[in-house]
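Look at the aromatic rings in this protein. Where do they sit, and what do they face?

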Amino acid sequence: MPTGPGDVLQLIRRGEATTRGEVLDATGLSRMTVAQRIDALLACGLVTEGPVGEATGGRRPRSLRFNAEHAVSLVATMDTTHARVAITDLSGRILDHDEVEVSVEAGPDQTLDTIVSGIQGLLARAEVPLARVCGTGISVPGPIDPGTGRPSQPPIMPGWDAYPITDHLQGALPGVPVLVANDADAAAFGEYTDGFPTSRALCLVKVSTGIGTGIVIDGTAYRGTDGGAGDIGHVRLREESDAMCQCGARGCLAAVASGRAVAARLTELGHPARSGRDVGALLAQGNPEAARLTQEAGRLIGEVMATVVCVLNPEVVVVGGALASAPLLAGMRETLYRLSLPRATRHLSLQLGRLGEDAPVVGLTRMVVDQEFSAEAVNARLSR
Ligand SMILES: [Zn+2]
């Protein structure tokens, strides 16, 4: 086992070792080496040491914690009509945030410029110098190629295919590493980090203007060969359907059950709505038509999720996005359990997300921290 200071930091970050004695046991290093490693982590402020409750014998062991105030992370979560920008500490706690209007259909240049101004405004307001920022995470409503970090034929983001989002943001935030993720992946990772850190398989369904899932397996967001894993919105649900999807095909799940589809039906019924967010607002007002159509959408989503559940056998399916609500959950419950094998759902918990729109913020922060404070990254930094 590699046992540099970065490796010791991982044990502390994961809560696997919280005292010097536990680091000793977990690593098998000598007492002196452990002291050196921890001193190095304390000296650069990555770890703090404080008293713990219980004294064992004469000396009170002191508890080691990853220092969430060591730096800050910048986060932008982008949806089709708006984006949230936030400054977080390294635990994902939001220190300040703001919202900007964007139109994903206006293309990457204009959208990312708006997000950058939002971030810069936030940095100025919070008086945070760029040197304190360890990284930026941005989530987008489309698949991201794991190899290039660029959008990979995103169905609802015209003009974004293979666009270098990282380069664009780094041009405005020099020296700050940028990480790009799919929105459902980021939200799934946030819910996993916050509520289900021991779950071996978690799946989040995001139902907003579009529909997608994020999958976390053994603590890692699973993205698939081309970043397309979990993109269930364009599963062909009905062979013969005249419902035209934004991706150009007919009969996709998103064409009949997404926030966009529900918004269109509501508009026809005299309740003007344009996006998943507008549907969410009508649901929050208790609009009965919105509730009925959302429950109907939930039934269709449950049909596709039954297959997902049979493939992954997850412990938790979390429902997130603007349409996440009791009617959506009720609709999903009706079809998902009926169409799945009992073995696949015996231990399944189907529930609404606990973090709401903070889920991708927490998830992106964790992704940035995992990357920038990995064992290798910290060992390399401290050996300089
Ligand atoms: Zn489609």
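Phenylalanine 189 and tyrosine 192 share helix α6 (residues 183–195). They are 3 residues apart, about one turn of the helix. Helices (H or I, at least four residues) and strands (E, at least two) are DSSP runs, numbered from the N terminus.

This is a predicted model: local features need pLDDT of at least 70, side-chain atom pairs count only at pLDDT 80 or more, and totals for chains, interfaces and linings use all residues. Residues are numbered from 1 along each chain as its sequence is written, and side-chain values use heavy atoms, with hydrogens and water left out.

Rings of Phe, Tyr and Trp (its six-membered ring) pair if their centres lie within 6.5 Å; planes under 30 degrees apart are stacked, over 60 edge-to-face, and the rest tilted. The count is 3 aromatic pairs. Phenylalanine 66 is in strand β2 (residues 62–66) and phenylalanine 373 in the loop between α13 (359–372) and α14 (375–383), so the pair ties together parts 307 residues apart in sequence. The rings of phenylalanine 189 and tyrosine 192 have centres 5.8 Å apart and planes at 20°, so this pair is stacked.

The table lists buried residues (under 20% relative accessible area; exposed is over 50%, partly exposed in between; 1.4 Å probe, protein chains only).

| Residue | Relative accessible area |
|---|---|
| Phenylalanine 66 | 14% |
| Phenylalanine 373 | 2% |
| Phenylalanine 189 | 3% |
| Tyrosine 192 | 8% |

Now the charges. One sits over a ring if NZ of Lys or CZ of Arg is within 6 Å of the ring centre and within 35 degrees of the ring normal. Arginine 13 has its charged end over the ring of phenylalanine 66, 5.7 Å from the centre. Arginine 354 lies over the face of phenylalanine 196, at 5.4 Å from the ring centre.
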